[in-house]
Amino acid sequence: MFALVVRLDLLDAEAAAGFDRLVEETARGIRELEPGTLVYATHTVAEAPLSRVFYEVYRDRDAFDEHERQPHTRRFLDQRSNYVADLRVEFLTPTTVEGLPA
């Protein structure tokens, strides 16, 4: 299993709306074309309405690399700078996992 968390701080409310549309378009491609993506969850932050947190779990590193090569992901990565003021990526090492395939 391969996992990561990404926190993004968006420029303003207009950028947030555009970013959320971009994420939904990207998620459609993930649902349709990426069987190795086990979890792709996006969240708003309760006390920070211009922040988003992604939690992503992939079957393995190869599935993540395949995700990164997909046209919908490339489009997301190419366009996100139009909306994002700051971002932080943390790669995770799963230890105890419930609810996902081992």
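## How α1 and α3 pack

Helices α1 and α3 cross in a left-handed way (left-handed means that the near helix is turned anticlockwise from the far one by less than a right angle, right-handed that it is turned clockwise). This is a predicted model, in which local features need pLDDT of at least 70 and side-chain atom pairs count only at pLDDT 80 or more, while totals for chains, interfaces and linings use all residues. Residues are numbered from 1 along each chain as its sequence is written, and side-chain values use heavy atoms, with hydrogens and water left out.

Two packed helices are described by the angle between their axes and the distance between the axes. For α1 and α3 (residues 71-79), the axes come within 9 Å and cross at roughly 160°. That angle makes α1 roughly antiparallel to α3. Axes here are lines fitted to C-alpha atoms, for helices over the stretch in contact, with angles from 0 to 180 degrees between N-to-C directions. Angles under 35 degrees count as roughly parallel, over 145 as roughly antiparallel, 65 to 115 as roughly perpendicular and the rest as oblique. Helices (H or I, at least four residues) and strands (E, at least two) are DSSP runs numbered from the N terminus.

On the α1 side, the contact (heavy atoms within 4.5 Å) is made by Phe-19, Leu-22, Val-23, Glu-25, Thr-26, Gly-29, Ile-30 and Leu-33, and on the α3 side by His-72, Arg-75, Phe-76 and Gln-79. Sorted by class, there are six nonpolar, four polar and two charged residues in the contact of α1 with α3. In this sorting, Ala, Val, Leu, Ile, Met, Phe, Trp, Tyr, Cys and Pro count as nonpolar, Asp, Glu, Lys and Arg as charged, and the others, Gly among them, as polar.

## Where α2 meets α3

The axes of α2 and α3 come within 5 Å and cross at roughly 70°, so these two helices are roughly perpendicular to each other. His-67, Glu-68 and Arg-69 of α2 meet Pro-71, Thr-73, Arg-74 and Leu-77 of α3. By class, this contact has two nonpolar, two polar and three charged residues.

Take a look at Thr-73, which lies in α3. Thr-73 is buried, with a relative accessible area of 2% (buried means under 20%, exposed over 50%, partly exposed in between, using a 1.4 Å probe and protein chains only). Beyond its neighbours within four places in sequence, Thr-73 is in contact with Glu-34, His-67 and Glu-68.

## The nonpolar core

The largest nonpolar core has 19 residues, and Phe-19, Phe-54, Tyr-58 and Tyr-83 have the most contacts inside it. Such a core is a set of buried Ala, Val, Leu, Ile, Met, Phe, Trp, Tyr and Cys residues joined through side-chain atoms within 4.5 Å. At least two residues of this core come from each of β1 (2-10), α1 (13-33), β3 (48-58) and α2 (61-69). The most come from α1, which gives six.

Apart from its neighbours within four places in sequence, Tyr-83 is in contact with Leu-10, Leu-11, Ala-15, Gly-18, Phe-19 and Leu-22.

Ser-51 has its place in strand β3 and counts as buried at 4% relative accessibility. Setting aside neighbours within four places in sequence, Ser-51 is in contact with Arg-7, Leu-8, Asp-9, His-43, Thr-44 and Val-45.

Val-45 is found in strand β2 (residues 37-45).
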